[in-house]
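Open your viewer and keep the sequence beside it. This tour tells you what to select at each stop.

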Amino acid sequence: MIDGATFVNALTFNAGYNTAIVATGAVLLGWAGGTVGTFLLLRRRSLVSDALSHATLPGIGIAFLVMAWMGGSGRFLPGLLLGAAISAMIGLASVEWLTRRTRLNADAAIGAVLSAFFGFGVVLLTVIQSLGIGRQAGIGSFLLGSTSGMLRNEAITLAGLAFGIALLVFLFRRQLTLICFDETFARTSGIDIRRTDLLLMLLVMAVTVTGLRIVGLILVVALLIIPPVAARFWTDQTNTMALVGGLIGGLSGFVGTALSASVPNFPAGPVIVLVAACLFVVSLLFAPARGVFYGLYRSRAFSRKVHRRQGLLAILRGEAIYDRDTIRVLRSERLIHADGTPTEAGLDAAENAAREEALWTIYLRDNPDAAYRAARMRLDPIAQRLTGSEIAELERQLNAPAGSLPAG
Amino acid sequence: MDGLYIGLVLVPTLIGVLAAVSCALLGNFLVLRKQSLMGDAVSHVVLPGIVVAFILTGSVSVGPMLLGAAAAALISALLIELVRNLGKVESGAAMGVVFTALFALGILLLEQSDTRNVHFDVEHALYGNLESLVWLAGIDADSIFDRAALAGLPPQLGRLFVTLVVVIVFLFVFWRQLVVSTFDPVFAHSAGVPVRFIGAALISLVAIVAVMAFEAVGAIITIAMLICPAAAARLMTNRFIPQVVWSVVFAVVSAVVGFWAAGSGMELIGSGFSVSAAGMIATVSGLILAICAVAAPQRKGALDH
């Protein structure tokens with residue numbers, strides 16, 4: 001089914017000049033969507049982009065009609081994109097107005113604008129069809145995108161737009177980060193919240209408009225939502241997250257266009273989105289920061305440490321161990337014999353554990369603020385967690401007679 | 001009254017009204033529960049469900065399509081919860097991930113499978129073909145009593161009628177539980193109302209209505225009617241039962257005026273256009289909401305007076 005040679009050619013930009021330009025455009029678009037979407041996600045407004053993208057349709061229709069009426073071809077891409085941008089802004093303003101000035105919640109406002117604007121757009125599409133001037137390929141392709149009939153200068157326009165977006169995000173990354181996390185702090189550091197929000201929305205609109213031709217207006221939101229949510233699993237840092245989001249988006253655009261070029265009946269838009277979805281699933285399962293498997297591994301490792309420590313303390317107190325998991329952990333490290341009596345190494349480890357517990361108790365008494373962190377730290381060997389001088393000080397206190405004052 | 005009026009105008013209008021009212025009734029709860037976009041998401045994921053059902057059975061019969069769509073809606077609801085909990089992201093973003101991915105899968109399957117010989121494509125799925133659901137045997141008022149002529153009614157009419165009845169019965173049976181779990185889920189839970197079950201039942205019913213309306217009139221009407229009439233009604237009144245009544249009124253007005261504007265209205269202004277009735281109905285519902293947002297008595301809610 002898949003044409004291997006074409007796929008490799010497409011991946012290495014050897015499948016013809018136009019495919020290469022389209023792939024470049026898709027990579028830049030994915031990158032732009034992933035980075036802009038990161039801030040949109042952190043600002044908790046991901047689905048506003050859904051209203052925005054659906055609201056482009058009436059603008060495309062009107063732009064087409066106006067250009068056809070003025071004697072043009074009606075298919076002039078920059079004109080159509082301008083129309084799309086204007087009606088998307090009107091849609092966005094409607095969402096904002098409905099949520100600010102009426103009692104409706106954001107979700108209802110988004111849904112209402114999305115469906116009403118899209119419905120009106122469909123009315124205009126059918127007008128164009130019945131006029132007989134809008135050949136299906138020209139206008140219908142904005143619904144689900146299409147890279148097959150793309151002209152060279154169209155692809156260059158889109159690549160330029162995507163590059164501009166990526167540049168703007170880079171320049172304004174500090175302001176964008178601040179409004180996502182701490183509005184008050186952002187305001188006191190002289191950032192105009194409304195203007196930065198507007199910038200974010202303009203960037204979202206630019207991604208949407210750029211994506212119309214390649215991915216289509218129904219699915220373009222996927223490029224703003226899926227890569228950032230996937231990136232969320234890899235890191236807790238905003239800048240890294242924007243970077244990872246951009247990489248996932250770009251990779252989706254790259255692999256998606258290559259697949260679409262080499263498999264018959266593989267439309268680029270849905271394929272790019274599905275590649276992004278696959279990368280999302282991979283992130284969800286395997287990402288080290290918050291992925292499912294790593295989370296399971298960490299919780300198992302933690303519970304193992306707890307069993308080891310509690311088992312060793314029980315050995316020192318001379319108590320019998322009944323918990324099966326504890327026995328299993330201690331046996332696997334050869335700290336107890338099969339009959340439950342401690343080995344030589346087990347006795348050493350038990351004494352060591354007791355000493356560390358005592359040191360940690362003193363540490364916590366002196367540093368009550370660290371209690372939360374210490375709850376996990378105290379199960380690790382103390383030498384890995386504290387500096388030599390800290391440990392020496394703790395030992396001094398441990399060995400000092402009761403009632404003596406700490407040094408300093 | 002023109003002889004063809006019943007068959008060419010009344011029957012499709014009635015189909016539109018039935019779909020609109022079914023959606024609007026449920027929409028009242030979605031709007032109040034801040035789940036409006038669930039309707040949007042469900043309408044999108046219905047597509048892969050239907051396509052998979054089509055690929056498995058090779059036919060466009062209603063039973064498998066309904067099953068496939070219901071399964072897809074259920075799977076998507078589970079996936080949304082999973083992504084929301086594992087990813088610790090807001091539900092909107094989780095929804096966005098799931099419904100765009102599933103919709104893309106649906107489109108891809110549609111392109112890969114050979115559906116060209118049956119009338120089933122993406123545009124049909126989006127804006128249906130309300131204008132084609134005509135009753136050619138309905139030549140005059142007498143044919144309403146003519147068994148042979150009645151057999152020629154579009155089957156969607158009967159299906160949507162049954163759907164509306166199911167919605168109304170559901171609302172009657174679970175009215176108290178629905179209302180209390182919508183307005184005060186904590187109290188409802190402590191009073192022994194199965195809040196989660198009621199929520200799941202509501203979403204399942206939205207999915208069923210979405211499939212039925214989807215097949216007859218396309219996804220646009222479904223999404224618009226799940227949200228716009230209920231949102232507009234919410235701006236009219238502070239009380240729930242009047243809100244439900246208003247939403248039904250708005251749904252009926254949208255369907256009737258929208259269908260009229262798409263056909264006869266266009267002739268009236270002397271243009272030969274035939275425009276999408278589904279799109280026009282959604283547009284009218286949006287206009288009604290716009291008017292309510294500017295002028296309705298309770299547009300700012302009770303607290304701001």
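At what angle do helix H10 and helix H12 of chain B pack? Select residues 219-234 for H10(B) and residues 277-295 for H12(B). The angle is about 15°, and the axes are 9 Å apart. That makes H10(B) roughly parallel to H12(B).

Some ground rules before moving on. This is a predicted model, where local features need pLDDT of at least 70, side-chain atom pairs count only at pLDDT 80 or more, and totals for chains, interfaces and linings use all residues. Residues are numbered from 1 along each chain as its sequence is written, while chains are lettered from A and ligands numbered from 1 in the order in which they are written. Helices (H or I, at least four residues) and strands (E, at least two) are DSSP runs, numbered from the N terminus. Axes are lines fitted to C-alpha atoms, for helices over the stretch in contact, and angles run from 0 to 180 degrees between N-to-C directions. Angles under 35 degrees are roughly parallel, over 145 roughly antiparallel, 65 to 115 roughly perpendicular, and the rest oblique.

**Stop 1: H10(B) and H12(B)**

Stay on this pair. The crossing is left-handed (near helix turned anticlockwise from the far one by less than a right angle; clockwise is right-handed). Now show side chains. From H10(B), pick residues including B:Ile220, B:Ala224 and B:Cys228. Among their partners in H12(B) are B:Ala282, B:Ser285 and B:Leu289. Residues are in contact if their C-beta atoms, placed from the backbone, lie within 7 Å. This contact has 14 nonpolar, 3 polar and no charged residues. Ala, Val, Leu, Ile, Met, Phe, Trp, Tyr, Cys and Pro count as nonpolar, Asp, Glu, Lys and Arg as charged, and the others, Gly among them, as polar.

**Stop 2: H9(B)**

Select residues 195-217 of chain B, helix H9. Its 23 residues reach 32 Å from first C-alpha to last, close to the 33 Å expected at 1.5 Å a residue (1.5 Å times one less than the number of residues). Just after H9(B), click B:Gly218, which takes a positive phi of about 90°.

**Stop 3: H5(A) and its neighbours**

Move to chain A and select H5(A), residues 77-101. The crossing is right-handed. A:Gly91 and A:Val95 are among the H5(A) residues here, and A:Ala109 and A:Val113 among those of H6(A).

**Stop 4: where the chains meet**

Show both chains. Here 46 residues of chain A are in contact with 49 of chain B. H6(A) gives the largest share of chain A's side, 16 residues. By class, that side has 32 nonpolar, 9 polar and 5 charged residues.

Zoom out. Chain A has 21 helices and 0 strands. Its C-alpha atoms fill a box of roughly 100 × 55 × 35 Å, taken along the principal axes.

Technical notes: Contact = placed C-beta atoms within 7 Å.
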